[in-house]
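Morning, everyone. Please bring up the model on your screens, and I'll walk you through a few parts of it.

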Amino acid sequence: MNDRDQQTSIDDAKLEVYRRVFYASPDYISFSRLDGTYIDVNPGYERFTGLTRAEMIGRTSLEIGIWPSPEVRVAFVGALKVTNELHGFRTSLVNFRQEIRDVEASVNLAEIGGEQVLISIVRDVTERKRDEDELAQHRDQLEQLVAQRTTDLRQANEQLLDTNRKLEQAHNQLLQTEKMASIGQLAAGVAHEINNPVGFVNSNLNSLDAYVRSLLQVIQAYEDHQQVFEQYPQDLQSIEAVKTEVELDYLKEDIFTLLDESKDGMLRVKRIVQDLKDFSHVGAVEWQLADLHAGLDSTLNIVTNEIKYKANVIKEYGALPPIVCLPLELNQVFMNMLVNAAHAIPSFGEIRIRTGVQDDMARIEFSDTGSGISPETIKRIFDPFFTTKPIGQGTGLGLSLAHSIIQKHQGRIEVDSTLGKGSTFRIWLPLQQVPVDKIAA
Ligand SMILES: Nc1ncnc2c1ncn2[C@@H]1O[C@H](COP(=O)(O)OP(=O)(O)O)[C@@H](O)[C@H]1O
Ligand SMILES: [Mg+2]
């Protein structure tokens with residue numbers, strides 16, 4: 001065999017392979033002229049159209065009716081005109097059962113025997129597309145599910161955070177109440193310890209007063225008999241010298257001033273001790289019948305140092321019967337109200353305490369001429385840890401604690417405030433509320 005013959009036989013072999021590929025391919029392969037008439041189609045295409053090769057050759061795709069609608073064909077031809085080639089173009093065709101199938105078409109232009117020929121390979125991807133669509137649907141469902149789960153989780157988390165906040169609040173209130181109880185006990189203990197010495201110093205001062213008066217009487221008696229000493233001028237002189245040295249005349253006057261001052265001081269100590277006792281209300285962790293005015297007064301005395309440079313306190317007490325309450329805790333509320341009022345006053349102002357009975361409720365009102373509270377702030381003042389005061393100065397717990405103490409008493413607390421004018425905190429407590437079994441015997 002010469003080279004040329006060898007080449008021919010290789011080409012023949014290749015052609016045979018291509019022919020077999022053309023026949024065996026499940027895809028729908030066709031050659032057609034530019035006007036769309038089929039030159040040849042493979043068995044795959046026959047199976048799709050239900051027509052024989054002979055029935056298709058010489059006719060166009062339009063004539064054999066594989067386009068579901070003219071628009072689909074227009075879109076296909078349009079796409080082909082732009083590039084002269086198509087790769088994996090998605091469109092739809094009608095099969096021999098008149099079913100619309102999703103197909104992927106690849107078309108390219110070739111020159112065969114001096115003529116332009118369109119080679120198109122079409123693959124049915126209906127199942128693949130359905131799978132893809134199903135997958136996409138599954139993915140969407142999954143995404144929705146994940147989104148739902150995320151929302152659920154976020155909600156659960158928020159609930160948890162909220163519960164946590166409430167727990168923290170409860171914990172703080174407990175701490176604060178416990179702290180107050182122990183301060184109360186401490187105060188009661190100190191008051192008790194001081195009570196004893198105060199008692200004997202007081203009674204000693206009274207005895208001392210009487211004794212000094214007696215001593216001065218004795219001295220007076222000697223002075224009344226001065227003429228006796230005149231016979232002994234030298235002795236008289238030394239007596240006069242001592243009298244001058246100790247400034248007896250001044251001493252006689254001053255000694256009673258001193259004693260009076262001391263007695264007054266002791267009275268004040270006694271009052272402080274009494275206030276401490278009232279304030280701490282020994283055993284007041286229990287419900288008991290208490291006079292709110294007494295509580296207000298003892299609290300005022302305790303915080304007087306904190307407010308006396310900031311405000312005049314004006315008491316407008318009405319008639320209030322004793323009510324069943326937790327006096328120590330109410331005192332703490334009163335204290336928070338008074339201290340807050342004093343803090344709100346920039347230089348010097350007025351704090352008014354009004355009390356009275358209205359609709360079976362006890363009303364205790366604290367008005368100040370302080371800075372007032374803005375509407376945005378007022379919404380948050382009862383929140384635990386909310387404070388407008390610098391770090392270290394405010395804990396933000398005063399009002400939240402007051403609120404829960406008042407709530408425990410089945411009462412309520414209201415605020416009126418005008419920015420720049422002042423604020424009024426109004427506490428309402430039921431006159432009759434607590435079941436008898438809660439009242440301490
Ligand atoms: N009488 C008042 N006048 C103006 N603002 C007040 C008054 N009482 C409370 N407030 C505001 O409410 C906030 C919370 O008060 P409180 O709970 O007692 O915490 P704190 O006093 O530690 O800041 C204060 O920081 C203040 O802004
Ligand atoms: Mg406060």
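Start with helix α8, which is hardly covered. How many of its 13 residues are buried? The count is 0. Keep in mind that this is a predicted model.

Where is α8? Look at residues 233–245. From its first C-alpha to its last, α8 reaches 18 Å. That is close to the 18 Å expected at 1.5 Å a residue. Now step past the end of α8. There you find Glu247, with a positive phi, near 55°.

Next, a helix pair. Two packed helices are described by the angle between their axes and the distance between the axes. Take α10, residues 292–307, and α11. They pack at about 40°. Their axes are 9 Å apart.

Which element gives the most to the shell around ligand 1? It is α11, with 4 residues.

Now the shell itself. There are 22 residues around ligand 1. Ala344, Thr387, Gly394, Gly398 and Leu399 come nearest. The elements giving two or more residues to this shell are α11, spanning 327–344, and α13, spanning 398–408.

Terms used: Residues numbered from 1 in each chain as written. Chains lettered and ligands numbered in written order. Predicted model: local features only at pLDDT ≥ 70, side-chain atom pairs only at ≥ 80, totals over all residues. Near = placed C-beta within 6 Å. Expected span 1.5 Å × (residues − 1). Buried ≥ 20, exposed ≤ 12 C-beta atoms within 10 Å, placed from the backbone. Axes fitted to C-alpha atoms, helices over the stretch in contact; angles between N-to-C directions.
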